[in-house]
Amino acid sequence: AFEIIFFFFPGRNSEWTYHVGLPTLITTLLMMNIAGYPFVMPDMIGGNVYEGTTCSEEMFIRWTQANVFMPILQFSIEPWEYSTKAVEVTRKFVDLHYAYSGVIVDAMKRAVKDGTPVNPPIWWVDPTDPIALACDDQFLLGDSILVAPVITEGATSRQVYLPRGRWRDEADPKHPIITGPKLIPHYPAPLDVLPYFTRL
């Protein structure tokens with residue numbers, strides 16, 4: 001017999017900072033997975049709505065994107081509290097989460113079988129890569145999907161690092177194949193784009 005423990009994140013604040021803000025969603029996810037807690041339920045999208053505080057529409061969308069390849073999506077704020085555009089973009093990424101739900105479940109089954117993290121750090125595919133070892137703003141789903149959410153206010157691009165392997169760019173409609181290790185200094189990521197790649 002075994003026991004499956006879902007670990008809930010501590011509260012996340014509606015901030016862009018590493019002081020319990022949006023970026024710590026990823027650092028906590030990585031830390032808990034490596035510590036042996038593969039079933040991590042990220043805190044509510046939008047953060048804790050304490051004393052009437054709320055996040056901006058931009059943060060809400062970026063937070064949704066950051067959660068897509070984590071085990072669950074849960075909302076503290078409804079997307080219709082923002083604009084029609086926010087509803088459309090949120091639905092796009094909820095649908096993306098659903099499309100990959102089988103991959104998430106398979107990663108969970110593997111975690112039960114052999115302890116492999118559901119969301120490991122990107123160095124998981126190349127533990128000798130010094131750049132991958134220092135990366136704290138990207139993560140994997142299993143060992144085949146690399147996710148690079150935008151977690152900086154106002155950013156419409158971000159640096160992406162792909163470790164060793166052949167990676168298919170899933171956010172680009174042309175789906176180019178990129179051979180790593182490769183640093184992409186300015187990957188375009190407007191508000192409706194979540195950079196993610198599948199390993200071939």
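Helix 2 is mostly covered, with nine of its 11 residues buried. The model is predicted. Its largest nonpolar core has 39 residues, and five strands form an open antiparallel sheet.

**Helix 2**
- The buried residues of helix 2 are M59, F60, I61, R62, W63, T64, Q65, A66 and N67.
- Helix 1, helix 3 and strand 3 are among the elements that cover these buried residues.

**Nonpolar cores**
- Within the largest nonpolar core, the residues with the most contacts are F60, F69, L96, F139, L141, I145 and L194.
- Two or more residues of this core come from each of helix 1 (24-34), helix 2 (57-67), helix 3 (84-99), helix 4 (101-114), strand 3 and strand 4.
- Apart from its neighbours within four places in sequence, L96 is in contact with V68, F69, L194 and Y196.
- A second, separate core of 15 residues includes I122, C135, V160 and Y187.
- In soluble globular proteins, nonpolar side chains tend to be buried together.

- Strand 3 and strand 4 (residues 145-147) run antiparallel and are joined by three bridges.
- Opposite L140 stands L146 in strand 4.

How values were computed. Residues are numbered from 1 along each chain as its sequence is written. This is a predicted model: local features need pLDDT of at least 70, side-chain atom pairs count only at pLDDT 80 or more; totals for chains, interfaces and linings use all residues. Side-chain values use heavy atoms; hydrogens and water are left out. Two strands pair if DSSP finds at least two bridges between them. Helices (H or I, at least four residues) and strands (E, at least two) are DSSP runs, numbered from the N terminus. A nonpolar core is a set of buried Ala, Val, Leu, Ile, Met, Phe, Trp, Tyr and Cys residues joined through side-chain atoms within 4.5 Å. Buried means under 20% relative accessible area, exposed over 50%, partly exposed in between (1.4 Å probe, protein chains only). Contact means heavy atoms within 4.5 Å.
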